There are 2 protein chains.
Amino acid sequence: MSISAPAATRFLLDQQEMPTRWYNIQADLPFPPIPALHPGTKQPIGPQDLAPLFPMELIKQEVSQERYIDIPEPVQDALRIWRPTPLRRARRLEQALDTTARIFYKYEGTSPAGSHKPNTAIAQAFFNKAEGTKRLSTETGAGQWGSALAFATNLFGLECMVYMVRISYEQKPYRKSMMQVWGAKVVPSPSELTQAGKKVRAQHPDSTGSLGIAISEAVEDAATRDDTKYSLGSVLNHVLMHQTIIGQEALLQMERAGAMPDVVVGCVGGGSNFSGLAFPFLRDRLQGRTKTRFLAVEPDAAPSITRGKYAYDFGDTGEMTPLVKMHTLGHGFIPQGIHAGGLRYHGMAPLVSALVEHGFIEAVAYPQRTVFDAAVQFARTEGTIPAPETAHAIRAVIDEALKAKQDGSSPTILFNLSGHGLLDLAAYDSYFAGTMSDVPVPQAQIEELVAAL
Amino acid sequence: MSISAPAATRFLLDQQEMPTRWYNIQADLPFPPIPALHPGTKQPIGPQDLAPLFPMELIKQEVSQERYIDIPEPVQDALRIWRPTPLRRARRLEQALDTTARIFYKYEGTSPAGSHKPNTAIAQAFFNKAEGTKRLSTETGAGQWGSALAFATNLFGLECMVYMVRISYEQKPYRKSMMQVWGAKVVPSPSELTQAGKKVRAQHPDSTGSLGIAISEAVEDAATRDDTKYSLGSVLNHVLMHQTIIGQEALLQMERAGAMPDVVVGCVGGGSNFSGLAFPFLRDRLQGRTKTRFLAVEPDAAPSITRGKYAYDFGDTGEMTPLVKMHTLGHGFIPQGIHAGGLRYHGMAPLVSALVEHGFIEAVAYPQRTVFDAAVQFARTEGTIPAPETAHAIRAVIDEALKAKQDGSSPTILFNLSGHGLLDLAAYDSYFAGTMSDVPVPQAQIEELVAAL
């Protein structure tokens, strides 16, 4: 079908063009798998160590070396509620920047929860349901992940228990409301429902919580109840794999747009939206067919790649998870209360970290005010108001486009617009009011925390 | 292209399939046009009477008898930021209801502002810009319209001044934030900026405002400034026409789905989202090709069609607008503070009213708790959390589907999911907390107000 003038700016796929397999990058890595370690024995963990927390199918996916894994029909069916998602060319932004770069973005904000998170939430809910799980426990920061899992568990008839970082629970009531619309139970973390929560509250009665603490609570909840398993929204290999539906769709759409990216950009907290877009393109680079660059963008307030250490560390504050090798600021790190709650994590997905170490992924960190400059510029040109997390990617994209203008180069840039900001408008208020602060993390704080690793 | 199993539930159009003309139902009406009257002379108003408020092109559209009017290229280009919008089949809802009905919905929540409102906001911004307008004034209730116009004026480089009903300004800060992200100026109404506002504040210092008051302020603002025109988000003929892009797309998509609606449903405040979906289908009925039913759904708290009078009345509280013939509760009517702020209007679009009078459109009214029952059932089956306004349509659709189950009939139902509820989650909180009230409008109140008409 021909594209009439004006040139197309939006590239859609039909429902039946949605990918039916996940891409597992572990099959193509030019280095051996790096095992997770048991926190007690320091030996590589086996499937049985993870069985109290995850259904066996997800444990298998976590270590699978198969290049492609079929997406079960009921998962496809649920994903089709909003997938495939659109790919757009940001012509209005290009014009505003007067850049020679071409900017494309994959828009994941069309899911009912408003972000990419349901891509894995639905898969996890399905595999749990299939193995008889009745209830899932999880943690959430600002609430993107909790609302995605509430949406998914509701579809598959599972109960959902969400430990929500207390400061977000109090300051961002509307994501909590969303979870309740979808039938989930939400409690502020640290709570009195777990030993991990009680311990923190005993020491710090006024604790506003952190993602690391909430993970400890959700893991303990699952480990101590027979009917319950645990669900994590990022970091793990199988979670990143479930997100590769994004990049596979984007590959088809970029072909349709007659453009292939020179650089692929995404924000990183745990790493899942970035990996979901990047890995299918990275496959082509690992297989020697392209020279595409990959740029992970993190917040100055939680600079795990750019300022952390590549070492074995716990995923949580309470030292309950396996030890995984990753870029980390130390599991005791409590980031400042930046508005991009989804990026406030001390660690990084082990797959992303290893690919950084081997030179396939670059990273950059930004303070939040310059990130919101970019967010507002994007909203005023392209229309969509981005989530604060996503706005980190947009900052980097704009800087790449401005650099291209100076260089006289014409790169094609692709980024993941991982979620909209309609539940983050208070952050924009703070930006306009001039009350948004940026305080770099003291080097001494990082050094102290990583020294123990 | 064939539709593979499982049966398609989402019907997309390519960007170049977006309609390039608006459908003007005035060309097909089986009754003569009903003129608006000058409030002073009671004579039909002419173009010059409206010239202080609207650009000439929109005044022409208001009375045009042409069946189709071309959509200018820059308007098409802006609409393509999110259009065409998806049409979906609500299979999960059908299953939950165990109904023999087939339920389809057109989803307008994918626009950056989250509703159908930008369809006309963009057209109005363009025609104003083309005729030299520098600034647009408007009113908004809960903020759907104000945010749409802020989005559109920003795209075309116009200033935007929004008078926002004070109670919403205070209780729903996030739509105000959205407008500010897009660069609009927002003030609570009644304000001290207009004579109309000052007059209300002098009499009622604690006034929480109403749509009728805010319209008076916005009209006065435009009428008293050379650089400013006025923009209305519903009611007027040209506004309804700009929304017909919805129904024209839906016609194509329903053809693709192999189904034609037996009944078309939409919520009505001023009438624009309902008309936008319905009029292209109504054309086929007016031309004798179908027997489709059309069902307008209003709130119990502002039942203009079901309990109002069909009479000439003002569009605003301050008696500044022309007199239009419509179903009205009287321009002094102040509806209760229901959560569906967009439906809190005393009148109805004259075209909708006339079509009701001639038997082409039916109407039904619902109290808000039963509307939210439907909203939650929809969110828990189809995923998307609907706006409170839209939930009125969903209530009626569910009732139609349940009736079909009893009748043993298998109707095809199509409704307009005119907007998402992500900025209305406080309303859901109120529903779950059991604090949502329903008090029918006293008959004496309506009788007193309409007696003067």
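Student: How many residue pairs are in polar contact across the interface of chain B and chain A?
Tutor: The rule finds 24 of them, counting pairs where both residues are at pLDDT 80 or more. Keep in mind that this is a predicted model.

Student: And how many salt bridges between chain B and chain A?
Tutor: The count is two. One of them joins the side chains of Asp77(A) and Arg92(B), with 3.5 Å from N to O.

Student: Which helices of chain B supply at least two residues each to the side that touches chain A?
Tutor: Helix H3 (73-79), H6, H8, helix H16 (368-382) and helix H18 (425-433) of chain B each do that.

Student: What area do chain B and chain A bury between them?
Tutor: About 4,500 Å², and 53% of that is on carbon and sulfur atoms. As for residues in contact, chain B puts in 51 and chain A puts in 51.

Student: Switching topic. What's the strand order in the open sheet of four strands in chain B?
Tutor: Going across, you get E8-E7-E6-E9, and the pairing is parallel.

Student: Why is one side of E8 and of E9 left without a neighbour in the sheet?
Tutor: Strand E8 (185-189) and strand E9 (228-230) of chain B stand at the edges with a single partner strand each, so one side of each has no neighbour in the sheet. From one strand to the next, the twist averages 25°.

Student: How many bridges join E6 to E9 in chain B?
Tutor: Three bridges link strand E6 (residues 135-140) of chain B to E9(B), and the two run parallel. If you want a spot to look at, Ser137(B) stands opposite Tyr230(B) in E9(B).

Student: Back to H6 of chain B. Which strands does that helix lie across?
Tutor: Helix H6 (residues 144-156) of chain B lies across E6 and strand E7 (159-165) of chain B, and its direction is at about 160° to E6(B).

Student: And H8 of chain B, which strands does that one touch?
Tutor: Helix H8 (residues 173-181) of chain B packs on the sheet and touches E6, E7 and E8 of chain B. Its direction makes about 175° with that of E7(B).

Key: Residues numbered from 1 in each chain as written. Chains lettered and ligands numbered in written order. Predicted model: local features only at pLDDT ≥ 70, side-chain atom pairs only at ≥ 80, totals over all residues. Heavy atoms only, no water. Pairing = 2+ DSSP bridges. Axes fitted to C-alpha atoms, helices over the stretch in contact; angles between N-to-C directions. Contact = heavy atoms within 4.5 Å. Buried area = accessible area lost by both parts, 1.4 Å probe. Salt bridge = Lys/Arg side-chain N within 4 Å of Asp/Glu carboxyl O. Polar contact = N/O pair within 3.5 Å; in protein donor to acceptor, adjacent residues only side chain to side chain.
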